[in-house]
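Trainee: Before we discuss anything, could you show me the model and then take me through how its features are read?

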Amino acid sequence: MRVDKYLWCIRYFKTRSIATKACKEGKIRVNGSLIKPSREIYPMDKITVRKNQINYELVVLDTPDNRIAAKLVDIYRKDTTPKEALQKLDLLKYSKEYYRKKGAGRPTKKDRRDIDDWYDEPLNDSEE
């Protein structure tokens, strides 16, 4: 089975064309070497997938005939991704949610409310 089709079948990529593009960009390695999308894979091959700044490592156990249900993915691959990489993914998720550079684009709703509250606050010195 082709490596791009395999990665699509086991649901690492949403479409086969995205999997093909990842192969062409050098984000997929089989047994440590860069490959073309048409490279055939066999059981016990080790695949490294670079996706979302994480290197996922998996071992091919078998090749499915077609795209499979998410519950059946573990029949066809063994995930050997280190736990540190998955923890890094959690940290990246938290850092992206709350980080925004000052002056980058329009203010968010929260920024606008904070600005409005700052302007609406009475000055204690000038009231008396």
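**Reading a predicted fold**

Mentor: Leaving aside neighbours within four places in sequence, arginine 77 is in contact with Tyr6, Ile10, Tyr12, Leu58, Val59 and Leu61, where contact means heavy atoms within 4.5 Å. This is a predicted model, in which local features need pLDDT of at least 70 and side-chain atom pairs count only at pLDDT 80 or more, while totals for chains, interfaces and linings use all residues. Residues are numbered from 1 along each chain as its sequence is written, and side-chain values use heavy atoms, with hydrogens and water left out.

Trainee: Is arginine 77 buried or exposed?

Mentor: Buried means under 20% relative accessible area, exposed over 50%, and partly exposed in between, with a 1.4 Å probe and protein chains only. Arginine 77 has a relative accessible area of 15%, and therefore counts as buried.

Trainee: Which side chain does arginine 77 join through a polar contact?

Mentor: A polar contact is a pair of N or O atoms within 3.5 Å; within protein, one must be able to donate a hydrogen and the other to accept it, and residues adjacent in sequence count only if both atoms are side-chain atoms. Here the side chain of arginine 77 is joined to that of aspartate 74 by such a contact of 3.1 Å.

Trainee: Where does arginine 77 sit among the strands?

Mentor: Helices (H or I, at least four residues) and strands (E, at least two) are DSSP runs, numbered from the N terminus, and arginine 77 lies in strand S5. Two strands pair if DSSP finds at least two bridges between them; S5 (residues 77-79) runs antiparallel to S4, with three bridges joining them, and lysine 78 in S5 is the bridge partner of valine 59.

Trainee: How many bridges join S3 to S4?

Mentor: Six bridges join strand S3 (residues 46-51) to S4, and the two run antiparallel; valine 49 has tyrosine 56 in S4 as its bridge partner. S3 and S4 form a hairpin with two residues between them, and asparagine 52 in the turn has a positive phi of about 55°. Strand S4 (residues 54-60) is mostly covered, with five of its seven residues buried.

Trainee: How many disulfides does a search of the whole structure find?

Mentor: A disulfide is a pair of cysteine sulfur atoms within 2.5 Å, and the search of the whole structure finds zero. Cysteine 9 counts as buried because its relative accessibility is 0%, and cysteine 23 counts as buried because its relative accessibility is 3%.
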